[in-house]
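Hi everyone, thanks for making time this morning. Let's bring the sequence and the model up on the screen and go through them together.

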Amino acid sequence: MLDKSIFKVDRALFENRVERYLERSHAENSRRAYRADWKDFVQWCQAHQRQSLPATPETVAAYISALAEAGAKTSTIVRRLSSLSLAHQAKQWETPTRSLLVRTVWRGIRREHGIAAEPKQPILTDELRKMIDAIDTTTLRGLRDKALLLIGFAGAFRRSELVALRWEDVEFREDGVVMTIPQSKTDQEGEGQRIAIVRGQQASTCPVTALQTWLDEAFIVNGPIFRKVNKSDNVEPRALTAQSVALIIKRYAQKVGLDPDQFAGHSLRAGFATQAAVNGVLERDIMRQTRHKSLVTLRRYIRDGSLFRDNPSGRVGL
């Protein structure tokens, strides 16, 4: 029989638990973005002497118009609207983002500014090799960066997945390494995903060898794999941040003469998918490594890589 005493908990404690589980319903990156979006909206409302919660449709329409005029990307405005909607729903207020006024203004913004995404450039194999050659592997920082770039590429990792990897998640085998991703964007419940990375054909760019060398030289036997290395080239116990991954990629892109503004943390993952498509790997096999659940989403990555493969313009006799 159910023990009813379990329901006799302090109301404040109960509300705190509810609040915590509501908070955990979204990934940390999403929560951080929602908080930043809401802060921006509140500051805008204060500057323009408007009420932020509950906000009127007129206020939201004026806000997104100001964002558009300031040059904000449509993807940013979409997220801002989502954040405003969530904030109102959390307080059980009617969300102004569903109003006819806001929807009409948003449609006008899309028509004038367009909705095409501006993805960062993928890093392909030739570019990655140049970046690896530019690394000073006589330092621990260099060994870490080499392992991070090669593992990130071969495993098609998101930057958040890379920094979340722990020594306990790694299993070296004769043919390569098996890595368990404890939680990711497409696995919010934390069931875990296992992927394999095969040993490279060249020792200088073998991701498995690079990872083994980094772990051995840094004496990492537990905890985070990719860690901060201070100015004295000493390894610290804390993991890198997702932002650090992007900065590392940009740094080596610039070293080999590429525009760092065109590359970001996602460039390794996008590069793997694109390069695999160029090399004729089947989409289902690419998806197994990238862990995409949607073929449509995957094809956004590999579209450019497939443009010239089996293209009919090369078969019309010109």
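I'll talk about a pocket, then some aromatic rings, then cysteines. Please keep in mind that this is a predicted model.

Rolling a probe the size of a water molecule over the atoms shows where empty space is left. The second largest pocket here holds about 880 Å³ of space. It is lined by 25 residues, and those closest to its centre are T125, F153, A154, V198 and F272.

Which parts of the chain build that lining? At least two residues each come from α6 (125–133), α7 (140–154), β3 (193–198), α11 (267–278) and α12 (283–290). Helix α12 gives the largest share, with four residues.

Now to the aromatic rings. A pair of aromatic rings is described by the distance of the centres and the angle of the planes. Searching the whole structure turns up four aromatic pairs. I'll show you two of them.

One is W38 with F41, a tilted pair at 5.6 Å centre to centre, with 45 degrees between the planes. Both residues sit in helix α2 (residues 28–47), three residues apart, which is about one turn of the helix. W38 comes out at 22% relative accessibility, so it counts as partly exposed.

The other pair is W44 with Y63, and this one is edge-to-face: 5.5 Å centre to centre, with 65 degrees between the planes. Here the pair links distant parts of the chain, with W44 in helix α2 and Y63 in helix α3 (residues 57–69), 19 residues apart. Both W44 and Y63 are buried. If you look at the rings together, W38, F41, W44 and Y63 form one aromatic cluster.

Last topic, the cysteines. A disulfide is a covalent bond between the sulfur atoms of two cysteines. How many disulfides does a search of the whole structure find? The answer is zero. As for where cysteines sit, C45 is buried, with a relative accessible area of 0%. C206 has 4% relative accessibility, so it counts as buried too.

That's my tour, and I'm happy to take questions.

Conventions. Residues numbered from 1 in each chain as written. Predicted model: local features only at pLDDT ≥ 70, side-chain atom pairs only at ≥ 80, totals over all residues. Heavy atoms only, no water. 1 Å grid on protein atoms, 1.4 Å probe; cavity = no way out; pocket = protein on both sides within 12 Å on 5 of 7 lines; lining within 4 Å. Points joined across faces, edges and corners; volume = space filled by probe spheres on them. Phe/Tyr/Trp six-rings, centres within 6.5 Å; stacked < 30°, edge-to-face > 60°. Buried < 20%, exposed > 50% of the residue type's maximum accessible area, 1.4 Å probe, protein only. Disulfide = S-S within 2.5 Å.
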